[in-house]
Amino acid sequence: MKIPAGVDTGSRLKLRGEGETGPAGGTAGDLYVVTQVEPHPIFIRDNLDILCDVPVSFVQATLGAEIDVPTLDGKVMLKIPPETQTGRLFRLRSKGVKPVRGGQVGDLLCRVRVETPVSLTKEQQDLIKKL
């Protein structure tokens with residue numbers, strides 16, 4: 001059985017003639033399969049849109065950078081502008097889920113998560129204080 005792209009939990013797929021045989025040897029009925037989609041380790045689905053957290057370093061968030069972000073079709077480049085704050089959303093149009101019956105593809109929403117430095121040396125702490 002081929003599962004079409006875009007199905008979500010609760011989608012019903014119909015297999016014609018794959019059900020039980022009718023009374024007195026009649027033709028077989030249809031079989032309905034209800035899908036259950038497992039959670040993805042990176043993406044969270046919201047209808048046709050998907051959300052992912054994108055970690056960026058303190059320096060990248062402060063000065064700006066171009067980073068690779070995952071999509072359903074591979075990685076794409078995302079430009080992070082200077083002074084980006086944690087929680088900022090970037091919308092990548094048509095990088096979300098394809099509808100089962102055709103139509104507009106959803107978007108990918110990338111939520112920035114700024115990672116602050118840890119285990120700093122005394123010298124590094126002093127440099128940040130000077131900044």
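What radius of gyration does the protein chain have, and what would a compact globule of 131 residues have? The protein chain has 23 Å, whereas a compact globule of 131 residues would have a radius of gyration near 14 Å; the radius is taken over C-alpha atoms, and the globule rule is 2.2 Å times the number of residues to the power 0.38. This is a predicted model, in which local features need pLDDT of at least 70 and side-chain atom pairs count only at pLDDT 80 or more, while totals for chains, interfaces and linings use all residues. Residues are numbered from 1 along each chain as its sequence is written, and side-chain values use heavy atoms, with hydrogens and water left out.

Along its principal axes, the C-alpha trace of the protein chain spans about 90 × 30 × 20 Å. Of its 131 residues, 24% count as buried, a word that here stands for under 20% relative accessible area, with exposed meaning over 50% and partly exposed in between (1.4 Å probe, protein chains only). The protein chain exposes about 9,600 Å², of which carbon and sulfur atoms supply 52%; these areas come from the Shrake-Rupley method with a 1.4 Å probe, and for residues only the protein chains shown count as cover. Among the contacts with a separation of 6 or more, residues 24 or more positions apart account for 43%, where contact means heavy atoms within 4.5 Å.

The secondary structure comes to two helices and 10 strands, and from the N terminus on the elements run β-β-β-β-β-β-α-β-β-β-β-α. Helices (H or I, at least four residues) and strands (E, at least two) are DSSP runs, numbered from the N terminus.

Four of the strands form an open sheet with the order S5-S6-S10-S9 and mixed pairing; two strands pair if DSSP finds at least two bridges between them. The edge strands, each pairing on one side only, are S5 (44-46) and S9 (89-92). Neighbouring strands of this sheet are turned by 30° against each other on average, direction ignored, with axes that are lines fitted to C-alpha atoms (for helices over the stretch in contact) and angles that run from 0 to 180 degrees between N-to-C directions.

The loop between S5 and S6 holds Asn47, whose phi is near 60°, a positive value in a residue other than glycine. Most residues other than glycine have a negative phi. Asn47 is also exposed, with a relative accessible area of 60%.

Strand S9 has a covered face, made of Phe90 and Leu92, and an uncovered one, made of Leu89 and Arg91. In a regular strand the side chains alternate between the two faces of the sheet. Between S9 and S10 (108-115) lies the loop that contains Ser94, which has a positive phi of about 60° although it is not a glycine, and which counts as partly exposed at 40% relative accessibility.

Another strand pair is the hairpin of S7 and S8, with two residues between them. Seven bridges join S7 (residues 65-71) to S8 (residues 74-80), the two running antiparallel, and Thr71 has Gly74 as its bridge partner in S8. The covered face of S7 consists of Ala65, Ile67, Val69 and Thr71, while Glu66, Asp68 and Pro70 make up the uncovered face.

Thr62 lies in helix H1 (residues 58-63) and is partly exposed, with a relative accessible area of 35%. Its side chain reaches the backbone oxygen of Phe58 at 2.7 Å, a polar contact, that is, a pair of N or O atoms within 3.5 Å of which, within protein, one must be able to donate a hydrogen and the other to accept it, residues adjacent in sequence counting only if both atoms are side-chain atoms. Not counting residues up to four places away in sequence, Thr62 touches Pro82 and Glu83; Thr62 and Glu83 are 21 residues apart in sequence but 4.6 Å apart in space, C-alpha to C-alpha.

Thr35, in the loop between S4 (31-34) and S5, counts as buried at 11% relative accessibility. Leaving aside neighbours within four places in sequence, Thr35 is in contact with Asp8, Thr9, Gly10, Ser11 and Leu13, and the Thr35 side chain reaches the backbone oxygen of Asp8 at 2.7 Å.
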